[in-house]
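Hello,

Here is the structure I promised to pass on. Please open it first, then read my notes below.

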Amino acid sequence: MIPNENFLKYFPETQLPEEKDRINRSNRSSCIQIGGHIIIKKIIKDYKISEILDEYFDDKELGLLLDLVSYSIISESNANQYYPDYAYNHPLFTNDMRIYSDSKISDFLNSITENQCLDFLNSWNERRNHREKLYFSYDSTNKNCQAGDIEIVEFGKSKVNTGAPIFNYAIAYDNKNSEPLFYEKYPGSITDVSQLKHMVDKARGYGYKNIGFILDRGYFSKKNIEYMDSCGYSFIIMMKGMKSLVKQLILEHKGNFESKRIHNIFDYGVYGKSVKRPLYELDEKERCFHIYHSIFKESYERRAIELKINELSEYLKKHQNTKKMFSSTIEHYFDLYYENELFLFATEKARVIEEEMALVVILS
């Protein structure tokens, strides 16, 4: 801090340093934003993250790594070219709060090996309580990539289709303590369904035994369920109401609980009911299905279905009397009529649409 002319009025006994002895602040902002840094520093201390990383990085590398972590969290960005701007007005973990250029950061990130990442994850998971009952929340996403010839980048089912190849990454965290446990990256052509087995094996490799998995509907498959059973792991998995495995189950109970006060779950604003039955033919276990109904969600989803059907109808009208083949989605909702390869008109499959609206529930 630099005292102004009023400082000596209230603290006349204080001896001020000579101007030449003061720290050169020409490369630092006169206003440093410390709030986020203080919180991140406290987290690093409480979880002893520096102690783990110190085994794999020297002091210079460790400080820069922690600064890059802080930059990503506080700025919600990982673009190297903007790091110097962040470092100009934020506290840093590097010695003397040195500001490194974006080229230096690129060199540093390229120098980090796969073994260093794996060693850190091993050390991090060794510190967990493996005897405690844990529920793993696990989910993945993918990113489009235009970086060129990278082995992990492949064409696959992208969240946002831009025509570019993708890579997948996933994270597992302790649902009770909200602590991340490990992450994975894998090629873009691998689906969520096939990736789950590798994740379960990784959890076993880290020594977790008394665990259950909380999974999105993208991981639902008979093979995945059988594999988790064989490992002795429990699970909660979301399912689509239109799945043939559970469609009949929903229709059997629809209308029996949505307005019954005994089934009201006030804290979540839904009505719910649990049903026990095998999941599939030849299933050796009775599964517990939890069916939930939300009035607000029903209204929203019914409206979404109506809009989708109307948009598809308008699309079909624009292509009447033309040579046009349509997607399986359109064929699912409409009967299409042709003459001499010309598309004439379409009619709604009322039963299909009505059945889909009837299945507007949440099922897990």
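A charged patch here is made of residues with over 30% relative accessible area and no salt bridge, with like charges joined within 9 Å. Keep in mind that this is a predicted model.

One such patch is negative. E51, D54, E55, D58, D59, D119 and E126 gather there on the surface. E51 sits in helix 3, which covers residues 49–53. Its relative accessibility is 47%, so E51 counts as partly exposed.

Now the aromatics. The whole structure holds 18 aromatic pairs. Take F57 and F108. Their ring centres are 6.4 Å apart and their planes meet at 55 degrees, so this pair is tilted. F57 is in the loop between helix 3 and helix 4 (59–75), while F108 belongs to helix 6 (residues 102–111). The pair therefore ties together parts that are 51 residues apart in sequence. F57 is buried at 8% relative accessibility. F108 is buried too, at 5%.

Y315 and F326 make an edge-to-face pair, with 6.1 Å from centre to centre and 80 degrees between the planes. Y315 lies in helix 11 (residues 295–318). F326 lies in the loop between helix 11 and helix 12 (328–333), so this pair links parts eleven residues apart in sequence. Buried or partly exposed: which is Y315? Y315 is partly exposed, with a relative accessible area of 34%. F326, at 9%, counts as buried.

Last, a cluster. Ring pairs link F136, F182, Y206, Y208, F213 and Y233.

Best wishes

Conventions
Residues numbered from 1 in each chain as written. Predicted model: local features only at pLDDT ≥ 70, side-chain atom pairs only at ≥ 80, totals over all residues. Heavy atoms only, no water. Patch = residues over 30% accessible without salt bridge, like charges linked within 9 Å, V, L, I, M, F, W, Y side chains within 5 Å. Areas by Shrake-Rupley, 256 points an atom, 1.4 Å probe, with all protein chains shown as cover. Salt bridge = Lys/Arg side-chain N within 4 Å of Asp/Glu carboxyl O. Lys, Arg positive; Asp, Glu negative; His and termini not counted. Charge placed at Lys NZ, Arg CZ, Asp CG, Glu CD. Helix = DSSP H or I, 4+ residues; strand = E, 2+ residues; numbered from the N terminus. Buried < 20%, exposed > 50% of the residue type's maximum accessible area, 1.4 Å probe, protein only. Phe/Tyr/Trp six-rings, centres within 6.5 Å; stacked < 30°, edge-to-face > 60°.
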